[in-house]
There are 2 protein chains.
Amino acid sequence: MTSQKVQVVEKIMDANDQLAAQVQTRLDASNVFGINIMASPGAGKTSVILKTIQKISPEFKIGVIEGDTAPVTIDADKVTALGMPAVQINTGGQCHLDAVMMERGLSALDLTGVDLVIVENVGNLICPASFKIGTHANVVIASIPEGDDKPYKYPNIYRGIDILILNKTDLLPYIDFKMDYFKKGIEALNPGLTIFELSCKTEEGFDDWIEWLKSKVKTHQSR
Amino acid sequence: MTSQKVQVVEKIMDANDQLAAQVQTRLDASNVFGINIMASPGAGKTSVILKTIQKISPEFKIGVIEGDTAPVTIDADKVTALGMPAVQINTGGQCHLDAVMMERGLSALDLTGVDLVIVENVGNLICPASFKIGTHANVVIASIPEGDDKPYKYPNIYRGIDILILNKTDLLPYIDFKMDYFKKGIEALNPGLTIFELSCKTEEGFDDWIEWLKSKVKTHQSR
């Protein structure tokens, strides 16, 4: 019975991966670069997205897909207030986005003139790691107040990602955060991973992330 | 097809609830009060548990069940270093504890002389809300750096809990956290919920939580 159950799970994952590949093809056809932002609740996903929009526009137009577990449009409203298209996916209590939801979100988003789609995944350090959604890059945002031991406790989320943003560095003076211990944990899971240490509040370090993102969008569009 | 699927899920939940009731009966038979601590990663679950042990012993003996998604015993080691029994449940990547895991954890824990069992659930603001594990009280730890909008974005976790600890109040001077907005959100989900505002770091407000907990253990043991 156990092995039969495992087979079913693998089929579901296969189906998700197949649909994720279709989503990426669709993004490519629209000449849109897509990133998937994952993080614990409160790490600063929305703040990073809003600041990124402010820094990267009008050079690039950004569309945002907001994953939420509840029917509140707090985050999507903030994006549209900045003049960018946004849609909200209410997962109905589910703890992650999957490729089906992503496909529906993308269908609802007006991609006219859009260069970059940012997906704000559900705030969760566990389940989003298991579901590809078809974006070109996966980004995790960690934050100083979460503590330096998170790579050791929630290892899966840091594996296979392309960028790690370490946010809220402005709080370093007030928190016992051992940077070496944190980075050692990350290096063991994802050797050579690029880490952008920044503060959304003070903007210190933020431009390095923006330069990386701009470069990626340009490379994708000139491919 | 859809309704058939829902029926299966409901059966699983029923089985979990039944096993949770058995767990509580077992705790009662050992005259042990049990609490389930849920929170986002980095809200301070382990810090609150360690400080609680220091404050409440030797008057009460505490056993701890640590839920982790990875086979690291960082937290359980810290508990045993304080002379209290601890077991670790490695969920193998699963994002919550359920009554089956709790039953196994309890079986592995030496309850000799134990008055209180504290369960540290997996760091996740979503899924743990859906699975009873048989404890007498459910506690959520929120923290100032997570932001004041979490009750609006992750409502399910705040419903039906008995206590909310709002940790890291020492960081209030450095973070834009609207206390009224946060509490308004909580009140809408769980009217009259007791909130302990405290700082594990400075210990400000911590004794109120300890007094509540001592009172609950005593009442349970004299029932």
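How many aromatic pairs does a search of the whole structure find over all chains? The search finds 9 aromatic pairs, where rings of Phe, Tyr and Trp (its six-membered ring) pair if their centres lie within 6.5 Å. This is a predicted model, in which local features need pLDDT of at least 70 and side-chain atom pairs count only at pLDDT 80 or more, while totals for chains, interfaces and linings use all residues. Residues are numbered from 1 along each chain as its sequence is written, chains are lettered from A in the order in which they are written, and side-chain values use heavy atoms, without hydrogens and water.

**View 1. A stacked tryptophan pair in chain A.** A:Trp209 and A:Trp212 are stacked (planes under 30 degrees apart), at 5.7 Å centre to centre and with 15 degrees between the planes. Because they are 3 residues apart in helix 7 (residues 206-221) of chain A, about one helical turn separates them. Both A:Trp209 and A:Trp212 are buried, that is, under 20% relative accessible area with a 1.4 Å probe, protein chains only. Together with A:Phe196, A:Trp209 and A:Trp212 form one aromatic cluster.

**View 2. The contact of chain A with chain B.** Heavy atoms within 4.5 Å count as contact, and 32 residues from chain A and 32 residues from chain B take part. The two chains bury about 2,500 Å² between them, 59% of it on carbon and sulfur atoms, this area being the accessible area (1.4 Å probe) lost on being put together, summed over both.

**View 3. A salt bridge between the chains.** B:Asp75 forms a salt bridge with A:Lys153, their closest N and O atoms being 2.8 Å apart; the term requires a side-chain nitrogen of Lys or Arg within 4 Å of a carboxyl oxygen of Asp or Glu.

Notes
Phe/Tyr/Trp six-rings, centres within 6.5 Å; stacked < 30°, edge-to-face > 60°. Helix = DSSP H or I, 4+ residues; strand = E, 2+ residues; numbered from the N terminus. Buried < 20%, exposed > 50% of the residue type's maximum accessible area, 1.4 Å probe, protein only.
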